[in-house]
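Please look over the sequence and the model before reading on. The report below goes through them part by part.

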Amino acid sequence: EANQRGAKFLCIIKLPVASRKVNTEVNTRKKTFTEVQTERLEQAERTVLIKCPSRLNEKKLLQYLSSHGKINSHFFFENRGIHALVEFSEKSSVASLQDVVGIPKAAEHHVVPFKSRLFTFTLKNPVTKAAQETPVHLSPQSHIPVNELIQKLYRADSISSQMYILLNEYQLTEENTKLRFLACSLVQDFARAYFPDSTVKPFGSSVNTFGKLGCDVDMFLDFHDTQEHATQMKKGPFEMEYQMKRLPSERLATQKILSVIGDCLDNFGPGCMSIQKILNARCPLVKFAHQPTGFQCDLSVSNSIAIKSSELLYIYGNLDSRVRALVFSLRCWARVHGLTNSVPGTWITNFSLTMMVMFFLQKRSPPIIPTLDQLKELADEKDKHIIGGNDCSFVSDLSKINPTKNTETLDELLCDFFEYFGNFDFRKNSLNLRRGKEVNKPESSPLYIWNPFEQDLNISKNVNQPQLEKFVAMARESAWILQKEDRTQRMINKEPWGLAALLTPFGKSNPNKMRRTKGLGSETIRSLLDSLKLSNASNLQKAVGK
């Protein structure tokens, strides 16, 4: 019943991008994570980004570009002016266009003569052509504010429907995904000036199916293809190898590579702004704003385990439509109530919260998603990966994973998530996603979530006791609201209900609500709930802009 209702509703509101892809491959198989990434990266290399005048003749622009080759797709978006992303069928079309594009005159500023795939399109006779210019359709690149979302949730017929509406409004669109891969491809053009065989690939939320419109782009510089090439060349009676600079550690090599590329983007990269080189972090990186696409970007060097984490979440996100709907709803709930934040700190991160959801889904009866150990059992030879001594093997072919027999509704899952973690013994137990079991904590961190691959690491080590208690208190309050609310009466009174009630700061729609603290635990939790009255209004405002 859960899946039937969800599927019916999805058809009405517009099927999510990932679901549309799945349906086209129903009779064959779903694409693997690697296949999707390879296809997207190749697509990005055939793509250009053009800054356009505010009003233009779309047909004439496409007609001009088509003289250089067939156009596969295009869209327009707003970011400090109108931009057009245009994907050609052949990479040679990009080179053909670059051959005829002019270099800006250096009347006031001297230009760096780097020929990128970023262009500016202007009309020579804007006055005479004005009559033909019409506004173009703009593809949204950010999600709607929370208060607008809540208005949409009023009109749904169930909490499950509300959760699918939220998913549809917040998930990455096809257009936004293309833009993310293009941003990586444009940085790759610079990296290849130094390292011709390198690639720049996105990881994390941009590719794991849990990315929200507006989230940062995590990208990494990969030399994996270069290493494979070197291994192949060692076959035969002779051995030839490049003379290369030798450094005392891989970390130092990473720091030097990122330092140079950071300088290159800073000095010569069109639209690359606010470059920060954070080279002494556990994972050295370069942060920068990419103005043409509007993304905040983090560039690091090959992080194979982070890629495996992205692939694992990609698999979980594609196994059952309820997985992503639950994660998106809980992330939005956590942000509204100040349980997560866009800056580092002592609060729960989106990644940790997502892993808590995955653990919860592994614990259902029957489980909705398999444990990592179960995925490892399904792996064949090509799926076996040992990275830095850590076993990162698991099946990549989704068709080998049996669908769940669990038929619980999203209504039930949401309420049970709050019940489960509102009563979880965090003092004693930790969350182990490899085994799908609660195990004794190996150390005294308030929240302990085992890294699925680096088993000696706690991915939630940053979380302190007050933040964990705040999470527990909000989970209990949310469970109480869902169990006790009179949905029909709230609809008649035009009050928020279901998910909409959870996304309204507690105490705002009903000031007496926050007095219900009996049975919520310690005095610390009670005082935290009181403090939430003061902070939640500003937290909602912050959430609206994220």
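What follows is a short report on selected elements and residues.

## Basis of the model

This is a predicted model: local features need pLDDT of at least 70, side-chain atom pairs count only at pLDDT 80 or more, and totals for chains, interfaces and linings use all residues. Residues are numbered from 1 along each chain as its sequence is written, and side-chain values use heavy atoms, with hydrogens and water left out.

Helices (H or I, at least four residues) and strands (E, at least two) are DSSP runs, numbered from the N terminus. Two strands pair if DSSP finds at least two bridges between them. Buried means under 20% relative accessible area, exposed over 50%, and partly exposed in between, with a 1.4 Å probe and protein chains only.

## Helix α3

Helix α3 covers residues 33-44, which makes 12 residues. At 1.5 Å a residue it should span 16 Å; the expected span is 1.5 Å times one less than the number of residues. The end C-alpha atoms of α3 are 17 Å apart, which agrees.

Phe-33, Val-36, Gln-37, Arg-40, Leu-41, Gln-43 and Ala-44 are the buried residues of α3. They cover an arc of only 160 degrees around the axis, so they sit on the same side of α3. The arc is that of the directions from the helix axis to the C-beta atoms. An α-helix has 3.6 residues a turn, so residues three or four places apart point the same way.

## The four-stranded sheet

Four strands form an open sheet, in the order β2-β3-β1-β4, with mixed pairing. Its edge strands are β2 (71-78) and β4 (118-120), and each pairs on one side only. From one strand to the next, the twist averages 20 degrees. Axes for such angles are lines fitted to C-alpha atoms, for helices over the stretch in contact, and angles run from 0 to 180 degrees between N-to-C directions.

Seven bridges join β2 to strand β3 (residues 82-88) in the antiparallel sense. Phe-75 has Leu-85 in β3 as its bridge partner. Glu-78 has Ile-82 in β3. The hairpin of β2 and β3 has three residues between the strands, and Arg-80 in that hairpin takes a positive phi near 55 degrees.

How many of the seven residues of strand β9 are buried? Six of them are, so β9 (residues 295-301) is largely enclosed by the rest of the structure.

Strand β6 (residues 217-222) runs parallel to β9 and is joined to it by five bridges. Asp-218 has Asp-298 in β9 as its bridge partner. Strand β8 (residues 285-290) runs antiparallel to β9, also through five bridges. Here Val-286 stands opposite Leu-299 in β9. Four residues lie between the strands in the hairpin of β8 and β9, where Gly-294 takes a positive phi near 85 degrees.

## Cysteines

How many disulfides does the structure hold? It holds zero, a disulfide being a pair of cysteine sulfur atoms within 2.5 Å. For Cys-184, the nearest cysteine sulfur is that of Cys-297, 7.1 Å away. Cys-184 is buried, at a relative accessible area of 0%.

Cys-264 is in no disulfide either; the nearest cysteine sulfur, that of Cys-272, is 9.1 Å away. Cys-264 counts as buried at 8% relative accessibility.

## Backbone exceptions

The peptide bond from Ser-365 to Pro-366 is cis, with omega near -5 degrees. Pro-366 lies in the loop between α14 (350-362) and α15 (372-377).

Thr-209 is not a glycine, yet its phi is positive, at about 80 degrees. Thr-209 is found in the loop between β5 (199-203) and β6, and is buried with a relative accessible area of 17%. Ser-274 is another residue other than glycine with a positive phi, near 50 degrees. Ser-274 has its place in strand β7 (residues 272-278), and counts as exposed at 58% relative accessibility.

Ser-160 lies in helix α8 (residues 159-170) and is buried, with a relative accessible area of 6%. Ser-160 and Asp-411 are 251 residues apart in sequence, but 5.5 Å apart in space, C-alpha to C-alpha.

UniProt lists residues 412-447 for "domain: PAP-associated", in an unreviewed entry. UniProt positions are given in the numbering used here, feature names are shortened, and annotations may be inferred rather than shown by experiment. Over residues 412-447 the chain is 31% helix and 22% strand, with end C-alpha atoms 25 Å apart.
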